[in-house]
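Hi,

Here is the structure I promised to pass on. Please open it and keep it in view while you read my notes below.

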Amino acid sequence: PHQQHVTHAAITENKHLSAVLAHIKEQQDKAAAPPEVKPESARNGYKKTGRRPPGRPSRLDAYYARKRAEREARVASQGCDN
């Protein structure tokens, strides 16, 4: 295909750009790190325990608990009859 022509001015411009970018990088590295910002809970001394509350029981849990109670009641009533 056709060849690209790069001018001497473009090469010089890129060399200056890299020097400017290197200078900016040095300035950013010298800048002090931003202070660590803690949430309010951490400032109050809150520490995570890693445990989570059980939350709301599911409908299936309620169903199984009701069936278990009915079964135990049935077994208890049969035990009293004998």
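**Salt bridges and a nonpolar patch**

Lys 25 counts as partly exposed, at 46% relative accessibility. Before going on, please note that this is a predicted model.

What does Lys 25 pair with? Its side chain meets that of Asp 29 in a salt bridge, at 3.2 Å from N to O. Both residues lie in helix H1, which covers residues 8-30. They sit four residues apart, or about one turn of the helix. Asp 29 has a relative accessible area of 52%. The cut-off for exposed is over 50%, so Asp 29 is exposed. Lys 25, at 46%, is therefore only partly exposed.

How many salt bridges are there? The count comes to three. Here are the other two.

Go to helix H2, residues 40-43. The side chains of Glu 40 and Arg 43 form a salt bridge there, at 3.4 Å from N to O. These two residues are three apart, again about one turn of the helix. Is Glu 40 exposed or partly exposed? Glu 40 is partly exposed, with a relative accessible area of 46%. Arg 43 has 54% relative accessibility, so it counts as exposed.

Now move to helix H3, residues 59-81. Glu 70 and Lys 67 meet through their side chains in a salt bridge, at 3.9 Å from N to O. The cut-off is within 4 Å, so this pair counts. Glu 70 and Lys 67 are three residues apart in H3, which means about one helical turn separates them. Glu 70 has 38% relative accessibility and counts as partly exposed. Lys 67 has 34% and also counts as partly exposed.

Next, the surface. Which residues make the nonpolar patch? They are Leu 17, Val 20, Leu 21 and Ile 24. The patch covers about 350 Å². Leu 21 is found in helix H1, the helix that also holds Lys 25 and Asp 29.

Last, confidence. The mean pLDDT of the protein chain is 80. Of its residues, 83% reach 70 or more. Which elements have the lowest and the highest mean pLDDT? H1 has the lowest, at 78. H3 has the highest, at 89. Keep the H1 value in mind when you look at the Asp 29 and Lys 25 pair, which lies in that helix.

Best wishes

Methods: Residues numbered from 1 in each chain as written. Heavy atoms only, no water. Buried < 20%, exposed > 50% of the residue type's maximum accessible area, 1.4 Å probe, protein only. pLDDT = per-residue confidence, 0-100. Patch = residues over 30% accessible without salt bridge, like charges linked within 9 Å, V, L, I, M, F, W, Y side chains within 5 Å. Areas by Shrake-Rupley, 256 points an atom, 1.4 Å probe, with all protein chains shown as cover.
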